[in-house]
Amino acid sequence: MIFKNSRDRFGLIAITLHWAMAILLIGLVCVGLYMVRLPISLDKLKLYGWHKEYGILALMLVMLRLGWRLGNVNPKLTTLTWWERFAARSVHWLFYLFMIALPLSGWFITSAAGLPVSFFGLFVLPNLVAPNESERMFFEWVHEWLGYGLIFIFCCHVGAALKHHFINKDDILRRML
């Protein structure tokens, strides 16, 4: 297995970042959807803390992933029609938008609530805005809808990958395995 991407397939680093981010984001979405429905308790607060810490980890990893993507070649999409290439590229860039905007909006929520954002107890991030309840509510609304957008894009991405694997029987999915 090669470490860097080639024109035919993704390298080990891109594949590792892809699947690590997939697992992390699915976990964050599941925990996020679960924790907001819980009554106030120590367990809920613990989940919020983990959600914030892993959200900041996701932000750091997406920056690394974006740098890796911009610094490497990407496998060609020559077997796809022009609209499939456009859709694939659009979905990938939308993923980056959501992967950056979601943790930032979460950080804004916490800042507007006047609470610290700790990164696994190693350091505390600075607040992005002053405490303000109406801003906190706005950022919560933004964060929620960004989450729904990420779920939609994820479903499109998985659906397209499965379509290529089972219907087109091409190597689009296998290049990321």
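These legends describe views of a single protein chain, given here as a predicted model. Local features need pLDDT of at least 70 and side-chain atom pairs count only at pLDDT 80 or more, while totals for chains, interfaces and linings use all residues. Residues are numbered from 1 along each chain as its sequence is written, and side-chain values use heavy atoms, with hydrogens and water left out.

View 1. The secondary structure comes to four helices and two strands, where helices (H or I, at least four residues) and strands (E, at least two) are DSSP runs numbered from the N terminus. The C-alpha trace spans about 50 × 30 × 25 Å along its principal axes.

**View 2. Helix α2, residues 42-70.** This helix has 29 residues and reaches 42 Å from its first C-alpha to its last, which is close to the 42 Å expected at 1.5 Å a residue; the expected span is 1.5 Å times one less than the number of residues.

**View 3. The buried residues of α2 and their surroundings.** Among the buried residues of α2 (under 20% relative accessible area, with a 1.4 Å probe and protein chains only) are Leu47, Ile56, Leu59, Val62 and Leu66, together with the charged residues Lys44, Glu53, Arg65 and Arg69. The buried residues of this helix pack against α1 (12-35), α3 (82-112), β1 (117-118), β2 (124-125) and α4 (133-168), where a contact means heavy atoms within 4.5 Å. Of the 177 residues of the whole chain, 36% count as buried.

Note on methods:
Buried means under 20% relative accessible area, exposed over 50%, partly exposed in between (1.4 Å probe, protein chains only).
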